[in-house]
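I opened a new notebook page for this structure. My entries follow in the order I looked things up.

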Amino acid sequence: YNQYLAAGPDGSMHLTFLDGAAERAYYAHCDTRCGDPASWSPVLLRTNAQLGLITIGPYGIGVDASGRVHLLLSGVTPSGQTANALVYATCASGCSNAASWTFLDVSSLSTGRSAVSTERPFMVEPSGRVSFFTSDPGVYFACTSGCTTLSNWSANVSLNGNPLHAAVDGAGVTHVLLRQGSSAANEKLLKYARCASNCTMPASWAISSLGFLHNSNDYAASLTVTTSGRVFMAWNQGVITVSTADNRKLQVASCAGSGCMDLNTWASFTIGALDEGTEGAFLEASGESGALASVSEFDL
């Protein structure tokens with residue numbers, strides 16, 4: 001479960017995943033023939049028992065331009081404990097050896113937070129800058145360099161909602177898909193948040209006043225951004241009380257620029273098959289191109 005993939009600058013693939021009943025977090029690397037399971041050599045990074053957690057899982061992986069791997073672990077803490085709810089892990093080389101990894105507990109910067117109930121909140125930029133969001137109320141953790149030292153991290157920003165996906169474009173602008181509030185009919189509102197610079201300062205963030213109506217699973221929503229900053233969002237609408245012709249259909253919306261704070265400016269369309277994406281939707285951009293994967297019943 002919780003599989004996350006990232007490509008390194010050399011084209012090799014890096015994978016992290018959860019094993020067991022939220023008990024073990026693994027990392028694996030592959031250089032060639034990555035469709036062959038024998039090409040991967042998974043290594044156990046941490047167990048929930050090692051970190052004193054009830055559950056453990058990975059919540060994102062990324063590789064910077066130097067080839068350094070960055071990873072986020074999170075889980076549920078026992079009553080009265082706050083340590084190890086958020087653990088940053090990194091490795092520069094030889095990452096198929098568990099001893100090559102360095103782990104840092106950053107939970108003390110904002111106690112009582114975890115990444116549980118987010119989808120893909122972890123961001124790694126080519127420069128090696130790392131940032132991520134916790135679940136509601138969406139605390140923003142960020143580190144520019146030297147991220148194995150706690151004092152180089154900040155957690156000064158809190159978004160009043162649950163960040164599901166976050167991504168950084170080529171200009172360093174951060175884009176967030178945020179579940180915040182509900183309509184009068186108790187439908188979820190999917191909002192868009194944005195920060196162009198100085199993102200460790202609360203005043204640098206803006207959140208759309210409107211939200212896209214959504215009455216399906218959180219994992220039936222996704223966000224990606226192209227290098228130039230065009231944002232794409234996808235979600236299954238579920239059954240809502242307005243725009244009923246699009247009920248149970250997968251929505252795709254797109255926008256570019258600071259004007260995207262007004263959701264009325266977004267262009268959108270629906271994919272016609274009923275219930276497409278109800279069991280998961282995922283967007284991924286590469287340069288200015290994009291791909292959309294969705295799960296309906298047992299079909300990908």
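I began with charges: the mean positions of the 14 positive and 22 negative charges of the protein lie 5 Å apart. I counted Lys and Arg as positive and Asp and Glu as negative, leaving out His and the chain ends. Each charge was placed at NZ of Lys, CZ of Arg, CG of Asp or CD of Glu.

I noted that this is a predicted model, where local features need pLDDT of at least 70, side-chain atom pairs count only at pLDDT 80 or more, and totals for chains, interfaces and linings use all residues. Residues are numbered from 1 along each chain as its sequence is written, and side-chain values use heavy atoms, without hydrogens and water.

Next I looked up the disulfides (pairs of cysteine sulfur atoms within 2.5 Å). The structure holds 5. Their pattern is 1-2, 3-4, 5-6, 7-8, 9-10, with bonded cysteines counted along the chain.

- Cysteine 143 is joined to cysteine 147, S to S 2.1 Å. The S-S torsion of this pair is about -105°, so the disulfide is left-handed. Cysteine 143 and cysteine 147 are both buried (under 20% relative accessible area, 1.4 Å probe, protein chains only).
- Cysteine 195 and cysteine 199 have sulfur atoms 2.1 Å apart. Their torsion is about -110°, so this disulfide is left-handed. Cysteine 195 counts as buried at 0% relative accessibility, and cysteine 199 at 7%.
- Cysteine 255 is linked to cysteine 260, S to S 2.2 Å. The link is left-handed, with -105° about the S-S bond.

Last, I checked the extent: the C-alpha trace spans about 55 × 45 × 40 Å along its principal axes.

Methods. Buried means under 20% relative accessible area, exposed over 50%, partly exposed in between (1.4 Å probe, protein chains only).
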